[in-house]
Amino acid sequence: MKLFGKKTKKEQELDEAFARVTKEINEIDAWNDPKKLEHYILDSCEQIIATTKEIKAEKKEYGVVTKYLDDIQIIDNLETDTANEVKKAAANILETDSARKAYLESSRNITDEQFVMMEQEQDDMPSIISRMQDNEKYQAKIKREMNELEGNKSYLEMQLAEAGRSRKRFMILSILVAVAFASLLVLSFILEKYVKIDAFLYRIILFAVTAIAVGVLFVYMSNLSRDRRRNMKSLNNTISLLNVVRMKYVNVTKAVDYVCDKYNVENSYKLLYVWEQYLEAVQEKERYEKNNDDMEYFTGRLVRLLKRENLYDYKIWLTQTRALVDKDERIEIRHKLVKRRAKIRERMEDNTKAVKSERDEIDKLMQEHHYYVPEILEIIDSVDKICGLNKYKS
């Protein structure tokens, strides 16, 4: 499956299946309806696909960072004559660029670091922004579901607590009825023996009243126990679903926070703004540099020198010319790249664990609720094939 290409026939069929089942689910309001399980399973499948795309993008980025580190190593090991020529060309570029630096800085509202990152990933930025926007929408949706489940859980807990208090009250009432019955029965025998009163009819009435009271208490206690069992079952189901939703919320929040931290933005709207500012800055830069013959000459010279060394990306050094002049600057860049690669590797590991956890949770939910619907099983099988999950399940 292509990461940003057209959807395959299998993916289109999977999307149609998602839409068909989701339509049925949206018509159901009851939380206890088994169809709600399909809702969470489908959400999990969608999250698995999204996370798999994240992993593929991170693998691509990991490879690019590694190649940049290789380029730095090549530059560090240049022969003396070549290294001097590269350093001289870079110094000329820095000197020429100082005259137009104020203009360029005033023409954009983003930091140099953001500008460089946008430039490095300009081909992928539209898809990165789109994916972040989708993740934020999904995060908000999961947050709403989590709040709804929390409210339902609190309500059921209050119902169970009230049922417990009612049970205690009626236990006390039952004891009082029994004591009253015994006392009145003893009293009837005393009156019959010592006062010579015929208490037979009195005892009949006493037995009848007591029987009615016991019957009423029995019916009420039975209804109370039945309601308590029903509420307990609903509470357990709600807690199970709440745990699933919390896990999804944590995973999608990690994805959003990772992008925010990487590009030093607060949300997707800010990232889109930075991207638009970058595009404007690039246009301004390109227009300005068209009339800068000296810059074009020295840049061309540097490009020719770097091309001969078969670097992975010689163009990036046009924005890092100071690092070609100053070795300490290259060391700092290498340090940042190493840290960045470590973060990418950590994110890849987290996402791989998240995919496995999501997939295991699907199996766990279906096993716990004995819920095996052919259409859902077909969707899960398609997700496994598209995302290559056989290795996680082995």
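Predicted model: local features only at pLDDT ≥ 70, side-chain atom pairs only at ≥ 80, totals over all residues.
D71 is buried, yet it takes part in no salt bridge. The nearest side chain of opposite charge belongs to K67, 9.3 Å away. A salt bridge requires a distance within 4 Å, so K67 at 9.3 Å does not qualify as a partner. The side chain of D71 does have a polar atom 2.9 Å from the backbone nitrogen of Y312. Beyond its neighbours within four places in sequence, D71 is in contact with L311, Y312, D313 and W317.

Aromatic rings come next. The whole structure holds four aromatic pairs. One of them joins Y297 and F298 in an edge-to-face arrangement, with 5.2 Å from centre to centre and 70 degrees between the planes. F298 has a relative accessible area of 18% and is therefore buried, since the limit for that class is under 20%. Elsewhere, F115, W275 and Y278 are linked into a cluster by ring pairs.

Two asparagines remain, each with a backbone angle to note. N264 is not a glycine, but its phi is positive, at about 55 degrees. This residue belongs to the loop that runs between α7 (200-263) and α8 (268-290), and N264 is exposed because its relative accessible area is 57%. N310 also is a residue other than glycine with a positive phi, near 55 degrees. The loop between α9 (293-307) and α10 (321-325) contains N310. With 65% relative accessibility, N310 counts as exposed.

Notes: Residues numbered from 1 in each chain as written. Heavy atoms only, no water. Buried < 20%, exposed > 50% of the residue type's maximum accessible area, 1.4 Å probe, protein only. Lys, Arg positive; Asp, Glu negative; His and termini not counted. Polar contact = N/O pair within 3.5 Å; in protein donor to acceptor, adjacent residues only side chain to side chain. Contact = heavy atoms within 4.5 Å. Phe/Tyr/Trp six-rings, centres within 6.5 Å; stacked < 30°, edge-to-face > 60°. Helix = DSSP H or I, 4+ residues; strand = E, 2+ residues; numbered from the N terminus.
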